[in-house]
Structure formats: structure tokens, C-alpha cells
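Open the model in your viewer and keep the selection tool ready. The stops below go from one selection to the next.

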Amino acid sequence: MIVCNNLAKNFKKVHAVSDVSFEAEDGKITALLGLNGSGKSTTLRMISGLLKPKTGEALIDNISPARAPRQAQARLGLFPDRFGLYPHLTVREHIDYFGRLHGLAGRTLTTAVDQIAERLELSPILNRRTEGFSTGQSMRTALARALVHDPQNLVLDEPTRGLDVKGVKQLRRVLIEARDSGRCVVFSSHVMPEVERIADHFVIIADGRTVAAGNLQEILSQADASELEVAFMRLSEPGTVQTEGQVQ
Amino acid sequence: MIIGALNIARKEWKDGLRDRRSFLSAVVYSAIGPIAIFAILNGLAAEVNNETATRLAVLGTGHAPVLVNLIENRDLQVFEIQDQEPIDALAEYDAVLAISESFADKLGKVQQAELELFVDRTKDAGMKSIERVRRAMGAVQSRYVSTRLISRGVNPEIINAIDLKVRSVEEKSVETWAISRLLVLFFVMAPFFASLSIAADMTAGERERDALQPLLMQPVSRWSIVLGKWIVATGIGLLGVTATILAASFAVNASPTTEIGILLYASAGAQWDMMIILAPFVGLVVALQMLIALIAKSYKEAQTYLSLLLFLPIVVAFAAVFKKEYTPDVGYAPMVHQLGLLQRALLDQPLDPALTAMGAGLTLAATGFCLFACVKTYQSERMLRG
């Protein structure tokens, strides 16, 4: 379970996050929605222990990544906004490396690598170096890297970015499997139909603040809308009046 | 922390060896440098061996046959010419000595007799011939003066108030010192070249490829990350330095150094001493390179900074060590210490264990400081900015 309480973060005079609070429960997929620059990625970086909040705190299964980053990170599977693969390493070597960083070794590690490779249909390219990989292949490698240690919590920053239909479908399947096995899944996205299709819980962030949180019905009701996209725009930019069917 | 560092090192080793740039930077210096040394030493030897006598054409030998016999020696080969302009003769000879008709007459009257030496100073042979003819004339002059003094009943030694006798006390020739300095600088620069590429790639390169963020998200301490990378880059640096020492020693030993008065022989013991001297220094160079590369946001930027760092050993060598007159000045400061000790090793002087340990200790302390600074840099949130 991931909990954020009044998170705030600024970079010198820029307030990236002012007040973000939400709860992402186990067994549910939580979507973080927000326009560019709204503070989604900064929030996810505070959850992953990369950034320390100025005020407030994030808790990963009741462990604060700001106070005990390594314990919190051990319970997280993280998928950053950029894949960041090593071109000279094979897919197997990537997964193996990150598995080792999570303390896996020997037969446990080998089994974990083989299982995740099969689950993400990586077996045919398992021994290929990642240089020249397609976006889909890179995404699956990065996802395998995040899942190899079977984390309780999965955090993904814009995971569908640049993916084709097949890639999105594969990703959707993995996230649903994780939710169904009782994991906590948090992801940020711009693709409303995709979000609406798989998320159980929605958190809308605007100007570094949580402006709405709840299930689909609660969000639609709060925005007095019948479509998520309209609700998102009304809640993100309250000054802009959006009527049904006008969203571009 | 150790297991984490080993996991990082394992990955970096694999990654580094597959990176052509890292591999080349580790190997090329150790291959090209010794070839250059071999070429320099053999070139010097060839020059010495090919030293030929000056071809001196003499115009008017009949006016001073004794003089011509006296000046001919190992360095001066005399040729008689007649009815030829001195300038034209220079096309064939290194210098032309013109003896006037009045030469013998003036000599007989105990007057100053003039000779003319024609040379083309734009040519090496021409410049050399001036010195050689002067030297030969000096000997002839002494002889004529002595003869004149004796004929007047004067002891010729009275004109020599001071007799300066130069006695060389140095064990090694000037050339030996000069070449050993060159070699020492060459060895000290080896780690800067050997680990440059891998240090830049595993830090700035990783950041440029967006691979740093995923790494920092893992439950591994910053010390593990820094140590893991440092171990691998130091290992590659040590391989490069070892190859450089072995190849350069082979080049020195295979060169005809004694023919040019250079008494250098890099024995197995000297090679071992050089490894002991350089090993801690390699660690420091890598730590410094990592620290500098961490400031850069791209591989190319890091490469630029690290290329500028290559000037450091040259500046230190000339400012702190080589300014002393042919004496290896061994201080404790890193690099100064290694430069001095390396020169001693090359000149086959025994290493002082206490001095060596003290310098190595300071070098390791400086390495620790650089690694600590690397950890602090990795802990900084600035590292996540593009």
C-alpha cells in the first residue's frame, strides 16, 4: 500500500508539488492523472525515494522512503519515465543485474529471470543486446527489470508512452495480473481511454495539488460529467468550462 | 555494501569490456607509447652511428701544407681543391677553407695570418663544420704559439695561468636523466589514458542514457554504486598501466641505449617496483576522473573535462619535480611522490619502504576523499536533472 500525505517539493523558487495526498490500496490500480508539469513525476520520484519531500511524507507499506530509502525501495517495483537501458547488455543481463540489486542470487535469481521473461514474452530476445530495440521491446525489458523481485508495490511513470497497440495490451495484462494477485499498482498517464479501462482508483493532480480522488463514479460526480476526459479537464483547469463532446 | 558494490562491479566490468571506446583507451596508449619510445631511442642511436666526418675543402693547400696535415682528424676530412669559387664548392663540401698566398709569409714574420672559412649555416653539416674547424684550429694555434715562445726561449706554460680540468662525477649521463624523465612522465600519464573512457562512460554516459535514474531507484547504497564503478575502472586502469610498463620496458631494453650513452635497463625488479608505485595512484586517478565526469551531463562533456585533466601530470612534472637539477625530488604529495619514485626505480635505485608506504598512504587518503565526494554527488538531487 502506498500513502502520500500532504507531499510538497520545490526546486529553488519553483513549486513542483504543493500538496499531494492519496492512498493507493493493495489489489487496486491507482491512476495519477494530470497535465504536463502538474507534479505527477515529482510525486512518483518522492515515492521512489529519489527526491526528499520538503514537507509531508510518502509511505510504502508504512515505510518512509525519505527516512529508510533502501527498505522502501526493496518493496517497490519502479518503472521510470525513461527506459534507461544499457545498450551493451542483453535482456537477461538487465533482469539479472536488477534482481541482484534486490538481493536475489543463485537458483532463485535464475528462476525469477526465466519466469518474468516468459511472462513478458521476452524469451526469444532474452540473449540479445538491447541496442536498437523497439519501444515495445525496451518497455518489456524495463518492466521485467521492475518486476523480477516480485514487488508488493508497482509504480509506473507514463508506461504507455510511445507504445503500439500490442505493447499497450501486454502492459495492461501485466498490470491487471499484478492487481489480481493483490499488489498495489500506481501509474501516471495521459491516455484517458486506457486509464478508464484498467484503473480502479483515480487521483487528479493540478498545479501540484490533489484536486480529486476516488473511483470513476466519484470523479465523474465531483466534476458533474459523464466522461472521464471531461471530468479530468474540468477538475484540472477549473477556469475552463468544458461541455460534453467539446473536448479535443 | 560490499555485495552491492560487487554486483555493480560485475555489471560494469561486462559493460566496460564490450564498449569499444573503453577498451581502446585502455589498450592504445600502452601500445602506441612504447612504439614511440622505441622509435625515439633507435632514432637517437642511428643519428649517433651515422655521424660522419665534416668534408672540408681546402683552397690553396700549397700555401700551408703543414697546417692542412695538422687539422685533419677523425671529424675532419680534408679535400684539396683548385680553381674553384668557395661558394660553388659548398655544393659538394660541408665547408671551404681558403688559405691566402700570404699565409706562410705572415706566419714566418710572426704576424697574424688570416684564414677564411666558407659555410652554409642553414645546413646542419655547415653548423657542425664551424665548431669542428674551430676546435682543430685551436689545437693548431696552441702548437704555433708554443713553437714561437720556445724559439724565443720562453716556457709556453706561462701563458696558461689557469688549467681547468673537467672531471665528470655523475654516475649517469645527462642523456640518461633526460630519457628517464620522459619515461617517468609517460608512465604517470598511463592511468589517465587507460581509464578515461570507462570512467566517463560509467558516470556521465550512464546519466546521458537515462540509466542513472533506474539505478538510483534500487535498494543499493550510493557507496556501493561508487565503489563498484571505481573497482572496475581501477582494474582497467591497472591493466593499462601494467601493459604500458611491460611494453615500455621491453622497448627500452630492446633499444641500443648504451650506444647513445644512456644507462637504462628496466629489469623485472624495476618493473615490479613501478607497479607498486603506480597501483595506488591508478586508484586516485580513477576516483578523480569519476568525480569530474559526474559533473558532466554527457559522455562528450566528460571526455572534454578529462582530456583537460591530462595536462595535470605534465604541469606537476615540470613544476614540482623536473625543475630540480637532475635529482628526483621525492615528496609525499600524490603524483609528485610517484614521479620521483618512478625515476629512482628506472635508474635502478632501491626504493625506501617507509617513504613508499607514506606516499601510498597519502595517495589512498586522497582517493578516499574523492570517492566520498562522488558519493555526495550521487546523493545530490541535481544528478536527476537532465
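Over all chains, the whole structure holds 25 salt bridges, each being a side-chain nitrogen of Lys or Arg within 4 Å of a carboxyl oxygen of Asp or Glu. This is a predicted model, where local features need pLDDT of at least 70, side-chain atom pairs count only at pLDDT 80 or more, and totals for chains, interfaces and linings use all residues. Residues are numbered from 1 along each chain as its sequence is written, chains are lettered from A and ligands numbered from 1 in the order in which they are written, and side-chain values use heavy atoms, without hydrogens and water.

Select A:K40 and A:E158. Their closest N and O atoms are 3.9 Å apart, in a salt bridge. A:K40 sits in helix α1 (residues 40-47) of chain A and A:E158 in the loop between β6 (153-157) and α6 (165-180), so the pair ties together parts 118 residues apart in sequence. Helices (H or I, at least four residues) and strands (E, at least two) are DSSP runs, numbered from the N terminus. Both A:K40 and A:E158 are buried (under 20% relative accessible area; exposed is over 50%, partly exposed in between; 1.4 Å probe, protein chains only).

Next, select A:E177 and A:R119, a salt bridge with closest N and O atoms 3.1 Å apart. A:E177 is partly exposed at 32% relative accessibility, and A:R119 is partly exposed at 31%.

Move to chain B and select B:K11 and B:D15. This salt bridge has its closest N and O atoms 3.2 Å apart. Both residues lie in helix α1 (residues 2-18) of chain B, four residues apart. Salt bridges that share partners join B:K11, B:E12, B:D15, B:E206 and B:K229 into one network.
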